[in-house]
Amino acid sequence: MKSKLIRVCAIVCALCIGFVLAGCSNDDAYEPAELSPVVDTPTILESGVLTVGLNADNAPFTGTSNGKLVGLYVDSAYALADQMGLTVKFVDVGADGGLDALNSGTVDIVFGMDASVVDETVWLSDSVAETGVTLFAAPDNATAPAADSAPMIAAQVSSKSAWAVENVFGSSSVVAASNLESAFSSLETGDAAYVAADGVIGSYAAKDFKVEVVPVAVLEQPTAQCIAVLASNQDLVDAVTAAVASVDDGGILDLIAKKWLGSPIDLASLPLIEGAAAPAETAEEGGEAAIDEEGAATEEGAGSEEGAAAEEGSVEADLSDSLDSDTSSAGANAVLPSGGTAADAGLA
């Protein structure tokens, strides 16, 4: 009888605690502030909606998980629209269709336009990401190698990164790897002291493979990836300028970078190895400036609108499977594809 009474009391106490917690949860539920749209038609195509063009096959910038678009640019677009009091609609413009989409009036803005793209019809924002061949090392070897030191550097075969290593250090420094996972494994086995990869892709891959590395140098001048708007649409240019500054100053872009890359990266602050080629020189050398998803060299891509995200062979196909769609938006008021807000998901 005594043990039965104890069990009953325990159940009653548990229910009371549950009711108390439920009450606290309801009282403290997050309610995002009502934001008024800063622009409307005809400045944007659809009232209350920011129509965003991007390359949907461009992991980790943009990829697909469980049928939903996710990635660094997706989160950034939600954050931008949130600052503008708008919702988001995405349009896949492919790797090279950004300019056409803007000029044809298919989209309001394009994410990931390479700063090297020169077109008088387009205005480009401040950088929202940077691309460029980067050297990664273990934290206990976080020193940039000298150009004449003949370091062993792992790089994916037939990639722009492998070409950059050979161009600066010579072919004897290249440790050929079938993929980025193998390249990063070379650090752990001691077969290589560094890994060469695009700064964003390499950071994402290392995080995904759970390899602790730091970027120590670049083998080319980094190229800014920007948001593009028609230069003639001054009201939208002004609104995007203010929104980018707000999400940047508020630390939201850093938070998004931390989510996808492990930590924010600033390629422009890294030392440029002496003898490294400028982006234009790299592209001019020919077919190895960029490679397609199968790893075969192509003559396009080095100056593409979406930047260097496809330059590591089949890495997009390999990494897109691991993109996490649980928190695929940013900004306190941004609505996640699964419902709720970014604040609920811990992104704000």
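Modeller: A salt bridge is a side-chain nitrogen of Lys or Arg within 4 Å of a carboxyl oxygen of Asp or Glu. This is a predicted model, in which local features need pLDDT of at least 70 and side-chain atom pairs count only at pLDDT 80 or more, while totals for chains, interfaces and linings use all residues. Residues are numbered from 1 along each chain as its sequence is written, and side-chain values use heavy atoms, leaving out hydrogens and water.

Biologist: How many salt bridges does a search of the whole structure find?

Modeller: The search finds three. In one of them, E46 and K89 meet through their side chains at 2.8 Å, N to O. E46 lies in the loop between α1 (2-27) and β1, and K89 in strand β4 (residues 87-92), so the pair ties together parts 43 residues apart in sequence. Helices (H or I, at least four residues) and strands (E, at least two) are DSSP runs, numbered from the N terminus.

Biologist: Are K259 and D75 buried or exposed?

Modeller: Buried means under 20% relative accessible area, exposed over 50%, and partly exposed in between (1.4 Å probe, protein chains only). Both K259 and D75 are buried. Their closest N and O atoms are 2.9 Å apart in a salt bridge.

Biologist: Which residues touch the most other members of the largest nonpolar core?

Modeller: A nonpolar core is a set of buried Ala, Val, Leu, Ile, Met, Phe, Trp, Tyr and Cys residues joined through side-chain atoms within 4.5 Å. Of the 39 residues in the largest one, these are L50, L80, M84, I109, F111 and I227. Helix α2 gives the most to this core, with eight residues.
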